[in-house]
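Please find below a colleague's note for use beside the sequence and the structure.

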Amino acid sequence: MDVFHVTDQQGKKITDGKTIDYIERVLGPKGHTTDGMKDCPGKRVGVHSFGNHTAIELIGRDRPGLLSEISAVLANLHFNVTVAEVWTHNRRIACVLYVNDNTTSGSVDDPNRLSIMEEQLKHIMRGCEDDDNVARTSFSMGFTHIDRRLHQMLFADRDYEGGGVTTEVDYPPSFKPKITVERCEEKGYSVVTVRCKDRAKLMFDIVCTLTDMQYVVFHANISSNGPYASQEYFIRHMDGCTLDTEGEKERVVKCLEAAIHRRVSEGLSLELCAKDRVGLLSEVTRILRENGLSVRRAGVSTVGEKAVNVFYVRDAYGNPVDAKTIEALRKEIGQTMMLNVKKDPSSTKAREAETSGWAKTSFFFGNLLEKFLA
């Protein structure tokens, strides 16, 4: 049986049960893989229920106002969005939303309502395309960490193949990662080196992607210097082989670049807080759309009776939002909810001026990901 070992820089083993349990939940069981998604190209709508919520998974081509249309359908059907996460990358959009019935505050069990919802969402995701085959339905087999699931969905959607679509507006030079794959002859590993601007969950995103690509991480060196990170991963394929061909190496580089970029959201951040109610997300996204804003990434959560929404936005052409638009938003949204407008901290000059000096941490994974997927 494979054993998961994590050691700090002094070599002390971490055995805390809560930490191990969290990692296992984040990585997800073997039954929740992307295999069921690989044969479903184009647009997909997946639904499953658990506890007091119904989970909805959407993936397809992004366009201005799409999130507003999705939330309007759910509001019209009296579904309340309690948690949601939305990522966009290479003109693709992936969403995981948790909704409940406005009347019962429980999961939606009526098959007729679920069928109507699926059909309407598939119609929206299809957009102007006439081919019915572009809208597929896939059902999830279980619950997993939302960010983990979004990585799986976009990886299965092959968003990493959208080369030439992104621009300097999307990812400035400071965010462009430098990734290399070399062979460690002495240990029999392939060494993946990633150097890029540091941010929260960077290691999580990289390890999730390597796992989805069927690689096992045995050892890692993680270091940072002010706003920049340097990470090394010593890996082998699950069959024990290293990356020997240029094609394999190129694919790893492209997939890791995509994983890093998915969570990058330079630009304007809108944080809204209001009393939770059906149609709140629909109202907010409608206002954003009417003001010519495009949502690049979004997070929705509910704490008690309060809904907290965070949107990373640019204008419809991908440019920064101007001051006049911000003022219009304050006047319209500020009447009914609290609005906080700020720049993404990862893009501020203050972040660049943080204390420099390399801080290094070393991890020994042991066949860590293989254990949790076995």
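1. Which residues of α3 are buried? They are L66, L67, S68, I70, S71, V73, L74 and A75, where buried means under 20% relative accessible area, exposed over 50% and partly exposed in between, with a 1.4 Å probe and protein chains only. Helix α3 spans residues 66-76 and is mostly covered, with eight of its 11 residues buried. Just after α3, H78 has a positive phi of about 65°.

2. This is a predicted model, in which local features need pLDDT of at least 70 and side-chain atom pairs count only at pLDDT 80 or more, while totals for chains, interfaces and linings use all residues. Residues are numbered from 1 along each chain as its sequence is written, and side-chain values use heavy atoms, leaving out hydrogens and water.

3. The protein has 11 helices and 14 strands; these are DSSP runs numbered from the N terminus, helices being H or I of at least four residues and strands E of at least two. Of the 374 residues, 52% are buried.

4. The count of salt bridges comes to 18, each being a side-chain nitrogen of Lys or Arg within 4 Å of a carboxyl oxygen of Asp or Glu. In one of them, R113 pairs with D101, the closest N and O atoms lying 2.4 Å apart. R113 belongs to helix α4 and D101 to strand β4, 12 residues apart. R113 is partly exposed at 23% relative accessibility, whereas D101 is buried at 11%.

5. R262 and D159 form another salt bridge, 2.8 Å from N to O. The pair joins helix α7 to the loop between α5 and β6, 103 residues apart. R262 is buried at 2% relative accessible area, and D159 is buried at 1%.
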